[in-house]
Structure formats: structure tokens, C-alpha cells
Amino acid sequence: MNRLVQDIKFALRQLRKSPGFTITAIVTLALGIGANAAIFTLVHAVLLKNLPVSDPKLLVRVGDTDDCCVEGGVPDQRDYSIFAFELYQHLRENTPEFESLAAMQAGVGYAGVTARSNKPGDLPRAERGEVVTGNYFQVLGLQPYAGRLILPSDDVQGAPMGVVMSYQAWQRDYASDPSVVGSTFVLNTYPVTILGITPPSFYGDRMTSAPPDFYIPMVMEPNFGPGNPTSLLHRRDANWLYLLGKIKPGTDLKQLEAKMSASLRNYLATLPLYQRQDRQADLAGAHVVLTPGGAGIENMQQEYGVGLKMLITVSALVLLIACANIANLMLVRGMARRAETSIRMALGAQRARLIRQMLTESVVLSCLGGLAGLLVAYAGTKVLLAMAFPHAQSLPIEATPSLVVLGFAFALSLLTGLIFGVAPAWVTSHSQPADALRGSNRTTSDRSGWLQRSLVILQAALSLILLVGAGLMAKSLSKLENQDFGVVTQNRVVVHFSPESAGYKQEQLQGLYDKIINDLHALPGVDKAALSLYTPLEGNNWGEGVYIQGRPEPGAQAKNGASWLRVGPEYFDIVGHRVLRGRGITAQDTATSLPVVVVNEAFVKKFFSNGENPLGAHFGISGMESVGDWEIVGVVSDIKYNDLRRPTRAMYFRPLLQVAHTKSQTDTRSLYAGAIMLTTKGQVGNLESQVRRTLANINPNLTVVDYNTFEAQVRGQFDQERMIARLTLMFSLLALMLAAVGLYGVTAYSVARRTPEIGVRMALGAGRGNVVAMVMREAMLQAIIGLAIGIPAAWLCVRLVQSQLYNVGGHDAMVMTGSVLVLTIAALLAGLIPAQRAASTDPVKALRTE
Amino acid sequence: MIDLRNVERSYRAGGTETWVLRRISLTIQPWEFVTIMGPSGAGKSSLLNVLAMLDDQWKGEFDFDGVAVHRLNRKQRADLARQKIGMVFQSYHLLDDMTVAENIDLPLSYKDIPRSERQAMVADTLDRFQIVAKKDLYPHQLSGGQQQLVGIARAMIHKPALLLADEPTGNLHSKQAQEIMEMFRQLNQEGTTIVQVTHSETNAAYGTRIIELRDGWVHSDTAGTAQPPLQEVRS
Ligand SMILES: Nc1ncnc2c1ncn2[C@@H]1O[C@H](COP(=O)(O)OP(=O)(O)O)[C@@H](O)[C@H]1O
Ligand SMILES: [Mg+2]
């Protein structure tokens with residue numbers, strides 16, 4: 001024990017004696033360990049973390065895609081992941097293998113709820129609600145933090161209206177006031193009891209940056225669901241629920257999957273959609289896929305998965321480079337101390353003791369590095385989370401780095417340090433002391449040299465691969481961001497609100513809309529104002545199959561889909577749609593005037609591809625009987641509303657309040673506008689509070705769900721791409737830095753070792769230039785071999801990122817050239833410092849050390 | 001050829017200044033073969049380094065072939081040395097991973113000489129020092145005497161006017177030392193000025209003049225230009 005303390009003290013003294021070596025090693029370790037721990041923390045939190053439920057292994061999700069919100073028709077690949085309520089009931093009743101099968105709203109937060117507490121003076125607030133079945137919390141096996149959770153008995157017709165509040169909302173919006181539990185709130189104008197608070201660790205059934213604030217029993221769906229103010233509950237053609245169940249232990253999932261798929265087909269066969277002859281193949285192929293439900297509905301996991309896996313690869317490469325550096329540093333140090341070791345051996349030191357000392361030194365160094373790594377990991381995780389979820393309100397991810405990962409990275413670098421730290425001591429202590437003493441200063445070549453150089457070459461090759469990857473991602477991001485979406489974003493504001501949550505009836509909407517637009521126009525600085533169902537690049541989309549008058553009925557496989565929305569008179573001007581033919585939507589297009597639509601260029605290209613005149617053509621969306629519903633009166637320029645990687649969709653625009661003649665009852669939900677867009681004359685101070693006040697003056701329940709500039713909304717579309725690109729860039733620069741340090745270290749060591757030789761050369765007439773050239777030649781040779789290996793390797797590796805790229809070929813010559821250039825410059829800089837030092841060798845001294 | 005006036009050199013170590021060369025004034029003529037002697041630490045190597053223009057830290061005046069070295073900057077001194085001076089070391093300082101021919105070629109590689117001309121000069125030199133048979137061997141394959149012969153060949157390849165040798169035979173048997181001294185004498189007779197440091201009276205006998213250093217002072221000079229250390233008291 002005493003000897004250990006002594007060894008540690010000695011080791012610390014040794015490390016303090018060579019601060020350059022020690023600092024380089026510690027920084028390398030800190031960056032390698034810290035960066036990895038940070039990345040893995042993010043990955044672990046997003047991809048691997050289970051819900052805080054009692055038995056995550058028994059949870060099974062019915063479905064495997066991120067289909068969302070409200071859908072009709074046949075899903076992609078005939079793979080059902082989103083279900084109608086009646087279909088859910090059918091599946092539940094036919095699968096006793098589930099102890100309990102719950103359903104929950106897929107599109108949380110689209111409409112939102114307006115909530116007002118019973119506290120006097122409290123203003124209504126826009127919050128998020130999720131409609132769930134009565135057995136939801138039983139399936140998850142959660143215990144309430146306060147009060148109680150929803151029970152099946154709450155989810156029956158006639159039960160008193162009660163909802164559960166999330167712990168986070170309770171903390172954030174109601175100051176953790178215990179009297180909230182059991183009190184009566186006004187939700188969407190209905191009085192509702194707050195039954196209880198969810199446990200603090202529960203962030204909803206899926207990973208999202210905006211988890212629900214209220215859990216609402218399914219029976220209340222007509223007032224609070226995604227179809228509010230109409231109801232989806234009994235619509236057999238609208239799929240809007242995710243299913244998550246708890247299976248009985250020992251259930252064979254493959255068998256259950258087949259059984260549920262058969263059960264699904266039995267139900268689907270009763271739908272009109274599948275009764276047509278040309279839908280029989282779709283019916284036969286309809287199926288579900290069961291996936292593990294322990295982590296909930298894994299939409300975010302799917303969305304981020306590819307990018308995160310790539311980042312893991314990148315950070316693993318960084319760790320590898322860091323380890324190579326540690327190996328190199330330890331080797332250099334060991335070799336430099338060979339003479340010292342020999343002398344001590346000659347003086348009778350025991351081999352075991354020498355090796356133990358080296359061992360202690362390596363461990364002490366690794367521990368210091370690990371400690372620094374811990375700090376980097378903490379800071380790094382915070383930075384990564386902030387980069388990954390820039391708009392998160394309450395993110396279900398803690399910034400505490402995973403200990404497992406920290407331990408792993410630490411162990412790896414410790415091992416590297418040990419192997420390469422002890423090996424030189426071992427070798428030296430096994431050679432004859434006299435040999436080592438005599439030979440050490442005269443050799444100009446060195447046996448350990450090739451190992452060090454190989455490590456540097458490896459580092460150069462790896463960093464080139466990373467640089468190329470980062471370059472490709474950056475270029476792809478810039479292409480994505482700089483493509484022409486067709487929109488105008490300067491001085492534009494998007495306000496989301498929810499007239500349905502405020503309790504408006506259909507016949508009150510015209511008056512409301514007129515008042516909103518009037519009052520907003522009256523605000524100083526506001527130029528234009530328009531209502532719309534939704535806005536470009538906010539992530540929303542309404543789509544429908546189109547039936548055109550005078551054309552044959554489209555078959556089952558026909559691609560006749562088009563996206564649509566309702567817009568007010570000034571909308572086209574605000575967003576940037578230019579009217580190309582005919583006219584736009586005007587104030588004269590009211591509920592009672594001739595039903596019209598305006599289409600975009602892509603619509604014309606898709607449905608009028610033979611040069612027919614779209615103006616005056618008629619179409620509808622409710623089968624062949626609806627073809628006369630609307631007349632096309634104008635064509636506007638294309639704007640991307642969704643899916644930035646694909647071409648603009650065919651779209652059509654309808655006036656705010658015209659109801660389709662055919663199946664008019666299914667056309668009323670869309671009468672409720674979701675967004676207001678404004679243009680201002682230059683910057684207007686305090687616009688947000690003015691808008692909020694204007695709406696609240698009309699009706700206190702008209703709460704602002706979201707307020708954003710149009711520019712920020714568009715930028716928000718690239719958050720994920722930007723994060724991946726930035727992180728890749730950050731990590732590749734880190735790798736480059738480490739590789740440069742490696743090259744610097746080896747070159748500096750080689751210079752130190754060759755000092756006598758350089759002295760001789762200078763005495764024989766070598767000038768500064770000659771010496772610099774000699775050192776640089778050696779350094780650049782390693783970089784060039786690294787490039788020779790790295791270029792073809794990068795060429796092969798880009799395949800892996802190809803799917804992530806937009807409009808960038810994997811083999812982009814500019815990115816490749818740029819990366820090679822950056823690496824070369826880094827190598828030049830890394831070589832130049834020791835080369836300069838070599839050139840200022842004093843030959844007199846160099847020759848004297850002989 | 002060489003004219004030193006009041007050359008001084010000191011080392012500063014830990015606050016104290018140690019003088020290693022004190023007011024050295026010497027004139028060496030082109031035909032001379034000078035031997036510098038003296039006890040260890042007397043400043044012999046230091047003086048040689050000044051003559052070789054490897055050292056810049058001295059004070060005083062130094063004329064070389066009519067050029068005032070004390071007014072030259074580092075680069076000019078290096079250029080001058082590269083043209084006019086050759087050096088031979090006690091431990092040879094051959095580069096291990098180069099063959100004999102490559103070692104000999106080294107000084108030429110630092111001058112702008114066309115490749116073919118260089119090859120011819122190397123061949124000539126190998127011939128002149130009778131080591132043609134060894135040209136592809138590495139230094140460790142040679143005996144000490146042979147290595148020093150290569151060292152001299154390397155120093156002489158560019159036909160310097162001045163050859164400096166710091167204990168060239170310090171690591172050699174007397175038989176080998178004798179051969180080296182014969183070589184020096186021959187080079188001197190062919191017109192090269194030689195300044196060597198040695199501890200051996202036998203070696204010194206090959207030269208034409210002996211300068212003895214003690215504690216940095218010129219203690220005696222067979223050319224009779226030594227100044228007595230008496231003057232130190234007054235200064
Ligand atoms: N780089 C140096 N730093 C400090 N002292 C030195 C240095 N080089 C030589 N000396 C000292 O200068 C004195 C003369 O050295 P040197 O010229 O090598 O003597 P010699 O060659 O006659 O043995 C010695 O005392 C030596 O210790
Ligand atoms: Mg000496």
C-alpha cells in the first residue's frame with residue numbers, strides 16, 4: 001500500500017516533468033472519451049431507453065411505421081400501423097393473447113386543447129391533449145404521482161368528465177399546486193375534473209420534444225380529439241389510433257402477428273373501400289407487424305435512427321484515432337526513456353519494479369484523462385441535446401452521460417495506454433543494459449518508428465474518411481436549405497390557433513374570421529393577414545384522391561392523390577404563390593357562392609398533362625358522383641409544403657368556408673382554420689403580444705397555440721439534417737485535430753531523436769531550408785500514404801451515407817478535393833512546427849551531446 | 001588565411017559566466033598544418049567550432065580569406081563555410097543508414113551541383129582515398145580507421161581550403177592513427193590548410209605548428225605569437 005502511494009507520487013512527478021506530453025495525452029483522452037460518452041448518451045436516450053413502466057418487455061406495439069394523424073385508404077405496403085376505433089375494438093376482442101390492448105391518438109398536439117384552471121384570474125392556455133382508452137395506464141402499469149390515473153370506468157358513455165394532467169405541465173403551468181388535483185378545469189369550454197398527475201418520469205407513450213399535457217379518455221374524443229369539433233370515433237374509414245398492448249407472458253409473437261393480420265382482413269372486408277373488385281389484392285395483402293413496445297411508439301427513434309447510427313460510427317472512429325494517439329504518445333515516451341531505463345537496470349533495478357512504475361504511470365495518466373473526459377462528456381451531452389432538439393419544451397432526455405459508455409471508453413483508453421506504455425519498458429528491460437546504453441544514441445533509424453508511422457497513416461486515412469463524410473453532409477444540407485421552396489419569408493409571421501377548442505360552431509365561423517382579419521389589419525405595422533387550414537413547411541398535410549369530370553374512373557392502383565388546404569383571400573400573396581392563370585381566392589368566394597378551387601402547377605402537370613385547359617375543369621374527391629363539385633378558376637406557382645427531398649406535390653386550394661356538395665358532412669372539420677399568417681411593414685415590436693391580445697379580446701378562449709416567424713418555421717424543417725451535418729463536421733474536425741496532434745507528436749519525436757544527425761548535416765553544410773525540407777518530406781510522406789489509403793476507402797464508405805444525401809453524388813469531386821486539401825494543410829502545419837525546431841538546431845550543441 | 005583578434009567565448013550556466021576562450025589572437029597561413037593541444041576542457045573544441053563557423057556566440061574579430069567573418073550573418077557564414085571548410089569528427093559522424101558513397105555525397109547534396117557532376121566527384125574522391133571497393137558498404141561494416149577515412153573523404157570532397165579535425169584519431173589504434181596522419185600530411189602538401197586537435201605528441205609531430213591552450217588562453221604557440229597571461233591582471 002505504502003509502495004503504491006510512493007509509485008503514484010513518483011508517477012505524478014514524472015508526468016509533471018514533461019508537461020507537453022502529459023497535456024497532449026490528457027486532452028486526447030478527454031476528447032476521445034468525452035465525445036463518445038456524449039454521443040452514446042444521446043443515442044441511448046433516443047434509441048434504447050424504455051418507458052418508465054413496470055414491465056417493458058411485455059409491451060407490444062401493433063404496427064411498425066410512423067404513419068400519422070388521420071389517414072384513409074390503403075396504407076403503404078398494405079402495412080397497418082394506424083387504426084380506426086372500431087377496428088381497434090375488433091382486434092382487441094379477437095386477441096385474448098393481450099392481457100390488455102390500449103389505443104391512443106396518433107397525431108398528438110395538432111389541434112390542442114384550451115385549458116383554464118378554476119383559479120380566479122387565470123387566463124386560458126393552449127395545451128396539448130392526447131386521447132387514450134380507459135385501459136391506457138393499466139397497460140403501461142403506471143402509478144399516479146397524485147390523485148389517480150384514468151380507469152376503464154372513466155371511459156364509458158355517461159361517466160363524469162375527468163382527465164389526467166402530466167407532471168411536467170403541472171410543474172410548468174400550475175406551479176405544482178396540489179389543489180389542482182380534484183379541481184374542475186374548463187377544457188375547450190367543457191368543465192372537466194383533474195383526476196390526478198402522472199408520475200414525473202413518464203413523458204408520454206413516445207419520445208417527442210412536446211409531450212402531451214393532458215390525457216383524455218377516448219369517450220371524450222368528440223370534444224377533444226383530432227377531429228374536434230366533429231368526431232372520428234365512429235368513422236370506419238378514418239384511421240387515427242396507435243395500438244399498444246401488454247401481452248400475456250409466453251405468447252408467441254409470430255403466431256399472434258399472423259392471427260391479428262387475419263383478424264384485420266376479416267374486418268377490412270366489411271369496408272366499402274375493400275369491396276371493389278380491384279381492391280382484392282390489397283385486401284389479401286393487408287397485415288400488421290408487431291414490434292417491441294417497451295420504448296413506446298418509436299417514431300422519433302425511426303426518424304433519428306439512421307443519423308444517430310452514423311454518428312455512432314463517426315464517434316467510434318474518433319475514439320480509434322484518439323487511441324492511436326495515446327499509443328503513439330506512450331511509445332514515444334517509452335522509447336525516449338529507454339536510456340533512462342537501461343541506466344536504472346544497470347544500477348540493479350528490478351525489472352518487475354520498473355514495469356510496475358510504468359504501469360502506475362499509465363494508469364495515473366488514464367485516470368486523469370478519464371476525469372477530464374467526464375467533464376467533456378457532461379458539457380458535450382448538454383451541447384448535443386441543445387443541438388438535437390432546439391425547440392424542446394420539456395425533453396424526456398437527461399443530460400447525464402451514461403456511466404456504461406463512459407466506463408467503456410475509459411477502459412479502452414486505459415488498455416491502450418497500458419499496452420503501449422509498458423511495451424517499451426518491457427522490451428528495454430529484456431535487452432542487455434550495455435547494448436541499450438551503447439546503441440541508443442547512434443542509430444538514426446528506429447525499430448518502433450514503423451509502428452508509430454503506421455498509426456499516423458491510419459489516423460490520416462480515418463480523418464480523411466470523416467472529412468469526406470462531413471463535407472458531403474454539409475453540402476447536402478446546404479442544397480436542401482438553399483433550394484427554392486417558392487416561399488417568401490421576410491417579415492412574415494405564422495400564428496397557430498384553434499377556433500374549435502374555443503367552442504365555435506360552424507355557423508359562427510364567417511363572423512369570427514371576418515373579425516380576426518379586420519382586427520389584425522388594424523394593428524399598426526400589419527400589412528396583410530390571412531387565415532388558412534395550415535401553412536407551408538410546418539409538417540401538416542391533408543391529402544385526398546381526385547376525381548376529374550369527363551375522365552374514366554381511376555383504378556385502385558391509380559395515383560390520383562393531391563394535397564389541399566383552405567386559404568383566405570390574401571394568403572397567396574403572403575406565402576408567395578404567384579397567380580399564373582385565372583384568378584386567386586377572393587373575399588367573394590363565400591360559403592354560398594359558386595364552389596371553386598385554385599390549383600398549383602404540379603396539379604396541372606399531373607392531371608392535365610396533355611395540354612388540356614385546367615381553367616373551367618371540374619373535379620371532386622368523393623368518388624365519381626362528386627366530379628362536378630368544384631370548378632378550377634386559377635393556377636398558382638408551386639411551393640413545397642412537405643417532404644423537401646421530393647418534388648412538389650399536386651395541390652389545390654379552396655376558399656375557407658365552402659362545403660363540398662357531395663358528402664358534405666365529412667367536409668366540415670376543415671372549415672376550422674388552424675393558422676393565421678401576417679406580413680408586416682418591416683420589423684414590428686411586440687407583435688406577438690399584440691396578436692395574442694387581439695385574439696383574446698375577441699374571445700379569451702382563442703389562445704395562441706404557437707407563434708413563430710415564417711423564416712424560423714422554414715428553418716425548423718432542417719433541424720435534424722442540420723444537427724447530423726453539424727455533429728459530423730464537429731467530430732471530423734475533432735478527428736482531424738487528433739490526427740494532426742499525432743503527426744506532430746511523431747514528427748517532433750523523430751526530430752528530437754535525430755538531433756545529432758541534424759547537427760552533423762548542418763556541420764557538413766545543410767542550411768535551414770535543407771533541414772525543414774528533410775523533416776517535412778518525412779511528415780508529408782505519412783500524410784500522403786494516409787491519403788492514398790483514405791481516398792479509396794472514403795470512396796467506398798460514402799455508400800453508407802448516400803441515402804442521407806440530397807442532390808449530392810456520393811463521389812463529389814469538390815468535397816473530395818476539399819477534404820484532401822484540408823488534411824494536407826493540417827499535415828503541413830503539424831509538420832512545420834517540429835521542422836522549424838529542427839532547423840534551429842545548434843550544431844555545436846547537437847554534436848556535443850554525442 | 002585565418003586571422004583571429006581578441007576572440008572570446010563564454011558560457012552562461014546558472015547565472016555564472018564561464019570563459020572558455022580568452023582573447024585569442026592567431027594568424028594561420030594557407031600552407032600551415034596546425035595542431036591544437038591542451039588538457040581536457042581547455043577550449044580546443046570551442047576554438048575549432050569558431051573556426052568552423054558553427055558557433056556565433058563569440059566576440060572579437062575573425063578574418064577568413066580576407067572576409068570579415070564577424071560582420072557576416074548566420075546565412076553568410078554558413079555559405080562561406082559550405083564553400084571553404086571541411087570537418088572531421090572524433091566519432092566520425094557517418095550516417096548509419098547511408099552507404100559510404102552516399103555519406104561522401106552528403107556535402108555536395110547541399111550545393112547546387114548537377115547530378116552527373118556530383119557522381120563524378122564522388123567517384124574521384126572514392127578513388128583518391130582508395131575506398132572504391134567499399135562504396136556500397138554501410139558504416140557499421142567498416143573498421144574504425146576505415147570509417148574515419150570515409151569521414152575525411154566526405155570532408156574533402158568539395159575541395160575545401162581549410163580542413164578542421166577534432167581529435168580525428170581519438171577512437172583509433174596507433175596504426176590506424178598513423179595512416180590518418182599520413183593522409184593529412186599529404187592533403188596539406190597538396191595545398192589544404194589543416195587545423196587538428198589531438199592529445200598525441202606523435203600526431204602533433206605530423207604538423208608544422210603546435211598551439212597549446214590552457215583554460216581558454218593560448219599558453220604557447222610554436223609560431224611564437226602567444227601572449228603571456230600576465231596581461232590579465234591589468235584588464
Ligand atoms: N554548451 C556548453 N555549455 C556550457 N559549457 C560548455 C559548453 N560547451 C563547452 N563547455 C565548457 O567549455 C569548456 C571548454 O570545452 P571544450 O571546448 O569542449 O574543451 P576541450 O575540447 O578542450 O576539451 C569546458 O569546461 C566545457 O565544460
Ligand atoms: Mg573537445
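**Figure 1. Buried and exposed faces of helix 1 of chain A.** In helix 1 of chain A, the buried residues are D7(A), F10(A), A11(A), Q14(A) and L15(A). Viewed down the axis of this helix, the buried residues fall within an arc of 135°, so they line one face of the helix. N2(A), K9(A) and R16(A), on the other side of helix 1 of chain A, are exposed. The cover over the buried residues of helix 1 includes helix 2 (19-48), helix 9 (299-336), helix 10 (338-346) and helix 11 (351-388) of chain A. Helix 1 of chain A comprises 16 residues (residues 2-17), which at 1.5 Å a residue should span 22 Å; the end C-alpha atoms lie 23 Å apart, in agreement with that expectation. The model shown here and in the following figures is predicted.

**Figure 2. Overview of chain A.** Chain A contains 24 helices and 26 strands. Along the principal axes, the C-alpha atoms of chain A fill a box of roughly 105 × 60 × 60 Å. Chain A has 850 residues, of which 56% count as buried. When contacts in chain A between residues at least 6 apart in sequence are considered, 82% join residues at least 24 apart.

**Figure 3. Crossing of helix 20 and helix 22 of chain A.** The axes of helix 20 (residues 719-753) and helix 22 (residues 768-802) of chain A come within 10 Å and cross at roughly 145°. The crossing in which helix 20 of chain A passes helix 22 of chain A is right-handed. Helix 20 of chain A contributes L743(A), V746(A), T747(A), S750(A) and V751(A) to the contact, and helix 22 of chain A contributes V775(A), E778(A), A779(A) and Q782(A). Classified by residue type, this contact of helix 20 with helix 22 of chain A has 5 nonpolar, 3 polar and 1 charged residues.

**Figure 4. The cis peptide bond between N228(A) and P229(A).** N228(A) and P229(A) are joined by a cis peptide bond, with omega about 10°. P229(A) is placed in the loop between helix 6 (221-224) and strand 12 (241-247) of chain A.

Figure 5. Q77(A), a residue other than glycine, has a positive phi, near 60°. The loop that holds Q77(A) runs between strand 1 (59-62) and strand 2 (79-80) of chain A. With a relative accessibility of 70%, Q77(A) counts as exposed. In chain B, Y92(B) is likewise a residue other than glycine with a positive phi, near 65°. Y92(B) belongs to the loop between strand 6 (85-88) and helix 3 (100-109) of chain B. The relative accessibility of Y92(B) is 9%, so Y92(B) counts as buried.

Figure 6. V579(A) is part of strand 20 (residues 579-582) of chain A. Its relative accessibility is 41%, and V579(A) therefore counts as partly exposed. Leaving aside residues up to four places away in sequence, V579(A) touches F572(A), G584(A), V635(A) and V636(A). The pair V579(A) and Q804(A) is separated by 225 residues in sequence and by 35 Å in space, C-alpha to C-alpha.

**Figure 7. N482(A) in helix 14 of chain A.** N482(A) is a residue of helix 14 (residues 449-482) of chain A. N482(A) counts as exposed because its relative accessibility is 61%. Between N482(A) and S670(A), which are 188 residues apart in sequence, the distance in space is 32 Å, C-alpha to C-alpha.

Figure 8. L374(A) is located in helix 11 of chain A. The relative accessibility of L374(A) is 32%, so this residue counts as partly exposed. L374(A) and P401(A) are 27 residues apart in sequence, and their C-alpha atoms are 8.3 Å apart in space. E102(B) is located in helix 3 of chain B. A relative accessibility of 40% means that E102(B) counts as partly exposed. E102(B) and A120(B) are 18 residues apart along the chain, with 13 Å between their C-alpha atoms.

How values were computed
Residues are numbered from 1 along each chain as its sequence is written. Chains are lettered from A and ligands numbered from 1 in the order in which they are written. This is a predicted model: local features need pLDDT of at least 70, side-chain atom pairs count only at pLDDT 80 or more; totals for chains, interfaces and linings use all residues. Side-chain values use heavy atoms; hydrogens and water are left out. Helices (H or I, at least four residues) and strands (E, at least two) are DSSP runs, numbered from the N terminus. The expected span of a helix is 1.5 Å times one less than its number of residues. Buried means under 20% relative accessible area, exposed over 50%, partly exposed in between (1.4 Å probe, protein chains only). The arc is that of the directions from the helix axis to the C-beta atoms. Contact means heavy atoms within 4.5 Å. Axes are lines fitted to C-alpha atoms, for helices over the stretch in contact, and angles run from 0 to 180 degrees between N-to-C directions. A crossing is left-handed if the near helix is turned anticlockwise from the far one by less than a right angle, and right-handed if clockwise. Ala, Val, Leu, Ile, Met, Phe, Trp, Tyr, Cys and Pro count as nonpolar, Asp, Glu, Lys and Arg as charged, and the others, Gly among them, as polar.
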